[in-house]
Amino acid sequence: MARISIIGYGGPTFPEWVGDSSFSNILSLTLGECKRCSSLPPLGQLASLKYLVVQAFDGVVVIGTEFYGSCMKPFGNLEELRFERMPHLHEWISSEGGAFPVLRELYIKECPNLSKALPSHLPSLTTLEIERCQQLAAALPTTPPICSLKLDDISRDVLVTKLPSGLHGLRVDGFNPISSLLEGMERMGVPSTNLEEIEIRNCGSLMSFPLQMFSKLKSFQISECPNLESLVAYERTHGNFTRSCLNAVCPDLTLLRLWNCSNVKSLPKCMHSLLPSLEILQLGNCPELESFPEEGLPAKLQSLQIRNCRKLIAGRMEWNLQALQCLSHFSFGEYEDIESFPEKTLLPTTLITLGIWDLQNLKSLDYEGLQHLTSLTQMRISHCPNLQSIPEEGLPSSLSSLIISQCPLLEQRCLHQGEDWPKISHIPDIDINWDS
């Protein structure tokens with residue numbers, strides 16, 4: 001009897017045997033859709049329990065002392081706990097008996113009325129995720145072992161005074177206090193040296209992000225932050241942050257993604273030296289972003305994606321992509337003022353894949369901008385309704401895969417027996433998709 005699931009129990013309370021210490025060999029327990037139950041059984045008495053899920057208990061308002069039972073150390077072996085879809089849960093009362101000594105993962109999701117304290121002493125906690133708990137107004141556990149923290153659509157009254165020292169991954173969505181937390185850290189000069197991954201979404205109060213505070217960062221993604229204006233990346237010298245292009249501030253950062261940040265005007269100055277390991281750069285729906293840094297992009301950049309950045313795209317001939325000897329993947333699109341693409345000197349010879357997306361007024365592909373791409377193996381052309389034909393000279397002979405979708409004029413010509421079929425028939429894998 002290692003695993004038990006009780007789904008849809010219709011009574012107001014559970015039978016006495018549920019949670020009885022005699023069921024000491026239960027390892028995993030799921031209780032769900034017990035909508036009439038107003039309290040939880042004494043599950044803390046299950047000495048071997050490692051995994052517990054409680055979901056869709058509409059009648060539970062308070063998780064009280066009855067949840068812990070009468071043993072000395074409740075939930076002594078529990079490693080993962082989930083509370084999900086509990087619409088009327090208001091309070092979770094902590095135990096005074098040293099509960100959850102080995103709890104590693106805690107997930108609280110869709111508990112919109114939970115407003116009072118969470119357990120503060122969780123000495124083994126490494127993963128904490130809280131989603132859609134809009135009324136929560138309590139301090140979060142800041143146990144040093146926490147290495148993954150996710151805060152998604154929760155109250156701005158949640159108290160986060162500092163980030164756990166062992167934190168490696170942070171994801172926040174709709175959590176505006178992150179702005180004041182970062183400002184306080186920057187003001188005090190306190191770096192969070194262990195964070196490796198950060199993802200921030202829907203934070204309207206965020207106006208800048210201090211990259212220099214996170215020297216171990218490997219992946220940084222930020223989206224839906226309409227008031228963000230800049231990423232600040234200064235070198236730290238003698239306890240202070242100074243403008244410098246000499247040393248890397250995020251030497252391990254490989255992924256940078258900015259999406260739907262309508263006020264961002266520039267990328268970090270000297271990013272070629274401040275972010276020397278950057279391999280993937282994704283920029284989308286940033287209409288005010290004007291140009292790449294004057295010093296150029298990081299030399300190790302392998303993948304570049306640019307979508308709907310009208311000012312940046314307008315100055316594309318100043319990008320100097322030819323200097324990027326590692327660039328192998330390029331995707332480009334959502335721009336109206338292009339009739340012919342790519343220009344002769346725009347793309348580097350190192351490209352392996354090329355994506356052209358949603359260029360509404362594109363009429364032709366420029367063979368002079370394609371002929372030197374002798375390493376190109378994959379090409380995708382999508383949502384270009386006015387693109388009329390393949391160049392007379394054809395496409396690069398190195399191509400092994402061609403995808404054409406939502407380009408009605410071109411699709412007709414590229415079908416078998418179509419006018420442009422002889423120009424592409426040498427390509428082994430051709431996919432002409434009418435619907436995607």
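Which residues of E5 lie on one side, and which on the other? Let's start there. Glu80, Arg82 and Glu84 are on one side of E5. Leu81 and Phe83 are on the other. All of them are buried, so both faces of E5 are covered. Buried means under 20% relative accessible area, exposed means over 50%, and partly exposed is in between, with a 1.4 Å probe and protein chains only.

A word on the model. It is predicted, so local features need pLDDT of at least 70 and side-chain atom pairs count only at pLDDT 80 or more, while totals for chains, interfaces and linings use all residues. Residues are numbered from 1 along each chain as its sequence is written, and side-chain values use heavy atoms, with hydrogens and water left out.

Now the whole chain. The protein chain has five helices and 26 strands. Both are DSSP runs, numbered from the N terminus: helices are H or I with at least four residues, strands are E with at least two. There are 436 residues, and buried ones make up 49% of them. The chain exposes about 19100 Å². Carbon and sulfur atoms supply 47% of that area. The areas come from the Shrake-Rupley method with a 1.4 Å probe, and for residues only the protein chains shown count as cover.

What about contacts? A contact means heavy atoms within 4.5 Å. Take the contacts between residues at least 6 apart in sequence: 52% of them join residues at least 24 apart.

Back to E5. Five of its five residues are buried, so E5 is largely enclosed by the rest of the structure. Which strands pair with E5? E3 does, in the parallel sense, over five bridges. Strand E7, residues 105–109, also pairs with E5 in the parallel sense over five bridges. Two strands pair if DSSP finds at least two bridges between them. Look at single residues now. Leucine 52 stands opposite leucine 81 in E5. Phenylalanine 83 has isoleucine 108 in E7 as its bridge partner.

Next, charges. Side chains of opposite charge can pair when their charged atoms come close. A salt bridge here is a side-chain nitrogen of Lys or Arg within 4 Å of a carboxyl oxygen of Asp or Glu. The structure holds 21 of these salt bridges.

Arginine 82 and glutamate 84 meet in a salt bridge, 3.4 Å from N to O. Both ends are buried: arginine 82 has 17% relative accessibility, and glutamate 84 has 13%. Arginine 82 also lies over the face of tyrosine 107, at 3.8 Å from the ring centre. A charge sits over a ring if NZ of Lys or CZ of Arg is within 6 Å of the ring centre and within 35 degrees of the ring normal.

Which residue forms a salt bridge with glutamate 79? Lysine 50 does, with the closest N and O atoms 3.5 Å apart. This pair links distant parts of the chain, 29 residues apart. Glutamate 79 is in the loop between strand E4 (62–63) and strand E5 (80–84). Lysine 50 is in the loop between strand E2 (28–32) and strand E3 (51–55). Glutamate 79 is partly exposed at 23%, and lysine 50 is partly exposed at 35%.

Another pair is arginine 201 with aspartate 173, at 2.7 Å between the closest N and O atoms. Arginine 201 is in strand E11 and aspartate 173 in strand E10, 28 residues apart. Arginine 201 is partly exposed at 24%, whereas aspartate 173 is buried at 9%.

Salt bridges link Lys109, Glu110, Glu129, Glu131, Arg132 and Lys150.

Last topic: rings. The structure holds 17 aromatic pairs. Rings of Phe, Tyr and Trp (its six-membered ring) pair if their centres lie within 6.5 Å; planes under 30 degrees apart count as stacked, over 60 as edge-to-face, and the rest as tilted.

Phenylalanine 209 and phenylalanine 220 form a tilted pair, 4.5 Å centre to centre with 35° between the planes. Phenylalanine 209 lies in E12 and phenylalanine 220 in E13, so the pair ties together parts 11 residues apart in sequence. Phenylalanine 209 is buried at 1%, and phenylalanine 220 at 0%.

Phenylalanine 332 and phenylalanine 341 are stacked: 4.7 Å centre to centre, 5° between the planes. Phenylalanine 332 is buried at 0%. Phenylalanine 341 is also buried at 0%.

One more group to find. Ring pairs link Phe67, Tyr68, Phe75, Phe83, Trp92 and Phe100 into a cluster.
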